Every structure is written in structure tokens, then in C-alpha cells.
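Hi,

Here is the structure I said I would pass on. Please open it alongside this note.

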Amino acid sequence: MSFSLPGAAEVFVVGGGPAGLAAAIAARQHGFSVVVADGMEPPIDKACGEGLLPDGVAALERLGIQVPASETRALRGIRFLTAEQSADASFPDGNYGLSIRRTSLHRAMAKRAEQLGVQLTWRTPISGISHEGVYLAKGMVRARWIIGADGSNSRVRRWAGLNRGSRPRFRYAFRRHFRIAPWTDYMEVYWSGKCQGYATAVSSDQVCIALASEDSRLRLEEGLRALPRLRERVDQAEIVSTERGAITGNCQFDRIWRKNVALIGDASGTVDAIVGEGLGLAFNQAVTLAQCLETGDLERYQREHRKLALRPTWMARLMLTLDRRPGLQRRTLQVFRRHPEIFPRLLELHVGTLPPLDLVTDGLALGWGLLTT
Ligand SMILES: Cc1cc2nc3c(=O)[nH]c(=O)nc-3n(C[C@H](O)[C@H](O)[C@H](O)COP(=O)(O)OP(=O)(O)OC[C@H]3O[C@@H](n4cnc5c(N)ncnc54)[C@H](O)[C@@H]3O)c2cc1C
């Protein structure tokens with residue numbers, strides 16, 4: 001592939017991961033000329049649980065991204081498991097989530113961007129920005145708008161002076177794929193005193209297993225020993241991908257734009273992997289950002305961005321209260337069993353369909369259950 005970059009673009013997106021491609025697609029849908037540059041080569045892989053909640057699926061559809069049905073699996077809901085107990089809840093209103101291998105998602109997003117006329121340039125790291133444009137090895141491309149979609153360690157964020165924000169509680173995550181027939185159509189979250197495991201079936205013969213903990217040395221194999229039910233599932237299965245690691249946590253920045261630079265996706269802040277929302281959040285941010293670029297109102301983008309992040313961030317905090325607390329994990333699952341209405345309602349809250357007033361009643365029921373269990 002040869003890349004000849006134009007001298008100028010209305011929108012230049014730094015980073016061609018899911019957030020950058022979503023931003024590019026949405027900006028093209030609003031008529032902007034768009035260039036995307038990424039230092040890597042497609043299809044780009046990354047440590048991820050590879051699940052999309054229903055609102056992420058809806059945003060994917062809004063962006064016109066079609067992942068071949070043979071490369072996705074419908075997700076019915078979420079299941080929590082400890083060593084002895086389990087509880088599950090389906091997504092509300094018959095909605096479904098999707099699991100998609102990162103490489104399949106990347107291929108489908110790049111294809112959609114190309115179809116719309118986005119100029120995609122791979123193996124092209126960006127080395128700096130100014131208000132006139134973007135610097136790369138081959139020179140400078142002038143840009144009216146610069147979008148930083150370069151991930152959680154964003155250099156665009158640093159170059160634009162937007163690094164100030166909350167100090168997150170970081171966790172370390174690792175993932176691998178196992179060749180095994182799926183045993184579930186739920187996104188499964190396995191709890192223990194040491195770490196959490198996530199299992200998502202991504203095809204008819206592959207399951208993605210991810211693990212997150214506060215211990216930077218805890219790799220997947222060792223972590224699985226703390227999760228016997230998950231380990232039993234994959235113990236004999238062939239490993240079909242290399243182990244990839246990433247840092248995860250709730251991280252917010254005071255500002256996500258300055259002059260003609262706006263941040264999106266993990267570059268603009270992250271939510272802990274436990275909620276499985278990073279992708280859906282980025283897709284929804286992309287739709288909003290394109291609208292705001294059209295009116296030139298990035299202050300509105302910042303406001304809408306905060307609103308979008310509020311629920312997943314809060315949900316991640318709530319779920320992380322169970323982290324490394326086996327007693328609380330056990331009691332929570334007991335409450336879910338005794339009051340089967342609570343978990344589905346929490347899932348409604350998770351996916352954004354529960355009115356806040358109902359939450360108060362359910363929160364009280366859960367709190368009372370935990371106290372009396
Ligand atoms: C363990 C784990 C599990 C997760 N599970 C889920 C899940 O199940 N569901 C979900 O929705 N989310 C999940 N997430 C979150 C999700 O993976 C991220 O939110 C998502 O990858 C963010 O996409 P992004 O495009 O912002 O960043 P990235 O995917 O990191 O992409 C950034 C891109 O920028 C490029 N880049 C960086 N610097 C430059 C430069 N200077 N020049 C050019 N290119 C550059 C990189 O090459 C990369 O391609 C999980 C995260 C973790 C860590």
C-alpha cells in the first residue's frame with residue numbers, strides 16, 4: 001500500500017483504533033474531509049474483553065459499521081460467578097450485546113471509513129501537532145481540526161496541554177484466546193479475592209479470556225488458579241493468541257479540548273474494563289463530536305462527553321467495591337438470589353434504561369439485603 005497524504009484536511013485524526021475510526025466515520029457523515037494516521041498496521045489488535053453492550057451496538061449501527069454476522073456473537077446479558085455461586089441477568093427489553101474479535105471490528109471499521117472516503121494512512125506515527133496541523137516523518141499536513149484518538153497514553157493530550165485530571169486507581173489486565181466451543185452467551189465476570197476474570201465467546205470455537213488485578217506481575221495463567229471455575233473451562237483448550245497486557249482504570253481529565261484540538265476514546269479518559277463500555281463510549285463520543293465540529297462548539301462536546309462518561313464511571317466504581325472482597329462478593333450474590341429482581345434492575349442501570357428514581361428503591365433493597373445477609 002502506498003500512502004500519499006494530502007497537504008491539508010479539514011479533520012486530521014491521530015490514531016486509527018476504534019475511537020479514531022469512529023471519529024473519522026462520523027466526521028465524514030457530516031461532510032468533512034478526513035485523514036486518519038496510525039503508527040501500526042491493520043487489523044490492529046489490543047487487550048480487550050471484546051464485548052459490546054446494547055448501546056454500543058446501537059452506536060455501531062448508527063455509524064453504518066457492519067461486522068459480518070459470522071464474526072460476531074449475540075450476548076444475552078451478564079453473569080457474575082464466584083467459586084460457589086452465580087447470578088445472571090439479561091439485557092432489558094430483549095436487547096442484545098455483541099462480542100467481536102478486535103481484529104474483526106477493526107477490519108469492519110476501516111472498511112466503512114474507506115467506503116465513505118476517509119483517507120487512512122497506516123505505519124504513520126505522528127510526531128507533533130501545532131494549531132496549523134500535524135507533523136509526521138514526511139512533513140506536515142495542515143488541518144482545521146485535530147482529533148487525538150491515540151489511546152490512554154495520548155501524546156496529543158500532552159502536546160495540547162490537556163493532561164490535568166483525576167489520578168485513577170490503575171489495574172493491570174491481560175487477555176488471551178482459547179480454542180473451545182462457547183459454553184455461554186453471557187459476558188461472564190468471575191470474582192475472587194485476588195483478581196477478576198472475564199470470559200466472552202467471540203466465535204463458534206474461540207473464547208476471549210481477560211483478567212484484571214492490582215498486581216502488575218499477575219499473568220493470566222497464575223490468575224486463573226485463583227478462578228477455579230474459569231480455569232476448569234479452559235484448562236485443556238488450545239491457546240490461539242499471544243498474551244496482551246494493558247492498564248485499566250477510571251481516569252478523567254479536566255478538559256478534553258483546546259483551540260482546534262479535541263480528544264476522543266481512551267485519550268479523552270477511560271472507564272475501568274470491568275464495565276465493558278470503552279468501545280461503546282467511544283462510538284457515542286464520535287457521533288457527538290462530529291455534531292459539535294459542525295457547529296464549531298467544542299465546549300458542548302466537553303459537556304456531552306461528561307454526561308456520556310457519568311453512568312459507566314459510576315457503574316465501574318460500584319462494581320469495583322466488590323474487588324478483593326470475597327465476603328462482599330458472596331453476600332451480593334446471595335442477595336441477587338434472594339431478590340431476583342435486583343440484578344436485572346442493576347443491569348438496566350448499567351445500560352442506561354433505568355429511571356434514577358427506581359434506582360433509589362433498588363439501591364435500598366440491595367443495601368438492606370447486604371446488611372441482613
Ligand atoms: C483488559 C481490557 C478489557 C476491555 N474490555 C472491553 C470490553 O469488553 N468492551 C469495551 O467496550 N471496552 C473494553 N475495554 C476498553 C477498550 O479496549 C478501549 O476503550 C478501546 O480500545 C479504546 O479505543 P481507542 O481507539 O481510544 O484506543 P486504542 O485502541 O488504544 O487505539 C489508539 C491507537 O492510536 C495509535 N497511536 C498512538 N499514538 C500514535 C501516534 N503518535 N501516531 C499515530 N498513531 C498513534 C495506536 O497505534 C492505536 O492504534 C477493555 C480494556 C481493557 C484494558
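Below is what turned up, starting with the ligand and ending with the backbone.

Keep in mind that this is a predicted model.

Ligand surroundings

The shell around the ligand holds 42 residues, of which G15, G17, G49, G265 and G278 come nearest. The largest share is that of α7, with 4 residues. By type, the shell has 20 nonpolar, 14 polar and 8 charged residues.

Where does the ligand lie relative to domain 1 and domain 2? It lies between them, because both give residues to its shell. Domain 1 covers 8–71 + 101–167 + 250–317, and domain 2 covers 171–248.

Backbone

Most peptide bonds are trans, and most residues other than glycine have a negative phi.

- P43 sits in the loop between β2 (34–37) and β3 (51–52).
- D93: phi is positive, near 55 degrees, and the residue is not a glycine. Its loop runs between β6 (86–90) and β7 (97–100). D93 has 9 other C-beta atoms within 10 Å, so it is exposed.
- R324: phi is positive here too, about 60 degrees, again in a residue that is not a glycine. R324 is in the loop between α8 (298–320) and α9 (326–338). It counts as partly exposed because it has 15 C-beta neighbours inside 10 Å.

Best wishes

Terms used:
Residues numbered from 1 in each chain as written. Predicted model: local features only at pLDDT ≥ 70, side-chain atom pairs only at ≥ 80, totals over all residues. Helix = DSSP H or I, 4+ residues; strand = E, 2+ residues; numbered from the N terminus. Buried ≥ 20, exposed ≤ 12 C-beta atoms within 10 Å, placed from the backbone. Near = placed C-beta within 6 Å. Nonpolar A, V, L, I, M, F, W, Y, C, P; charged D, E, K, R; others polar. Domains from an automatic or database assignment.
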